[in-house]
Amino acid sequence: MGLETMRNLLLTISYDGKRYHGWQIQQNAVAVQEVFQNALQKVLGVLPDIKGCSRTDSGVHAYEYCVSVKTDHAIPCERLVGALNHFLPEDMAVHACREVGEDFHARYSCVGKEYMYKIWNHPIRDPFLQGYALHYWYPLDVERLNRAAQGYLGRHDFTSFCTVDSRERGDLTRCVTKSQVTRQGDMVLFTVAADGFLYNMVRIMVGTLLRVAQGKIQPEQIPEILAAKNRKLAGPTAPPWGLYLNKVDYGAGDGEKKA
C-alpha cells in the first residue's frame with residue numbers, strides 16, 4: 001500500500017511498571033516499549049515504529065499512557081484493542097484506539113501531563129503495596145505539605161528539581177498548573193500537572209516535600225529553592241515505585257483526525 005493509505009493511530013494503555021526498566025527500549029533489560037512493539041508485530045505482521053508520550057523510568061507505573069503508531073493495516077480500532085490485549089502480558093492493557101491526524105505525535109503533540117505519587121503513611125508496611133507506594137512511617141502533616149506544594153505552581157526554571165543529563169538540555173522552564181497533597185486514609189497523594197516534566201522532576205519534588213515534613217525545609221522556602229537554580233538545595237530523589245503517570249493532555253483538538 002502507498003503512503004496515502006497510512007493510518008495514524010493513538011492507543012491509550014496502562015501498565016504496572018514493577019518488572020520493567022521504564023518505557024524506552026534497553027539493551028540488557030526488558031522495557032515496556034519492547035513488549036508493546038512485540039505485541040503489535042504479532043497483530044500487524046510488521047515491526048512498527050511507535051512513539052510514546054513519555055520516557056518513564058524503571059519501576060514507574062502508568063494509569064494512562066499514550067502511544068502513536070503509523071500503519072497501512074486495515075484492522076479496525078476496536079479489533080486492534082482486543083488483539084493487542086490477547087498478546088500483551090497481564091500487567092499491561094490497551095484501553096482505547098482511534099485514528100488521529102497524520103501530523104499527530106504521542107510525545108510532541110502533548111500539551112500537558114499529570115502525575116501522582118503515592119506514600120503509604122503508616123507505622124507498619126503493607127506487603128501488598130511493595131513496589132506500588134513509598135512506605136513512610138513517620139506522621140505526615142498533609143496541611144503543611146500542601147502549603148509547601150503551592151510553591152511549585154506557576155512558570156519556573158526547575159533546574160533545582162531535575163537531574164541534568166544528556167536528555168536535559170536547553171530551557172528547563174516548565175509551567176505547573178496543579179500541585180496538591182491530599183490524604184485518603186493512610187495513603188498520602190501528591191498530584192502534580194504541568195505542560196512538561198524534566199528528568200526526575202516529580203520524584204525530586206516529592207523528596208523535597210518529605211524534607212519539609214522533617215522540618216529540614218520550610219514550606220515558604222520552595223520559591224527560594226526554585227529561584228536559586230541549584231539542585232543541591234532541593235530534597236533527595238524519591239524512589240520510583242510510588243510514581244504514576246496519571247493523565248495525558250492533547251488539548252482541545254485532542255489529536256482528532258480532520259475530515
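**Salt bridges across the chain**

Reply: Glu 220 is exposed, with a relative accessible area of 51%, where exposed means over 50%, buried under 20% and partly exposed in between (1.4 Å probe, protein chains only). The model is a predicted one, in which local features need pLDDT of at least 70 and side-chain atom pairs count only at pLDDT 80 or more, while totals for chains, interfaces and linings use all residues. Residues are numbered from 1 along each chain as its sequence is written, and side-chain values use heavy atoms, with hydrogens and water left out.

Glu 220 meets Arg 147 in a salt bridge at 3.6 Å, N to O, a term that requires a side-chain nitrogen of Lys or Arg within 4 Å of a carboxyl oxygen of Asp or Glu. This pair links distant parts of the chain, 73 residues apart, with Arg 147 in helix H3 (residues 142-149) and Glu 220 in the loop between H4 and H5; helices (H or I, at least four residues) and strands (E, at least two) are DSSP runs, numbered from the N terminus. Arg 147 is partly exposed at 36%, and a network of salt bridges links Glu 143, Arg 147 and Glu 220.

Across the whole structure, 9 salt bridges are found. One of them joins Arg 7 to Glu 99, with the closest N and O atoms 3.2 Å apart. Arg 7 lies in strand S1 (residues 7-15) and Glu 99 in strand S4 (residues 92-100), so the pair ties together parts 92 residues apart in sequence. Arg 7 is buried at 11%, whereas Glu 99 is partly exposed at 28%.
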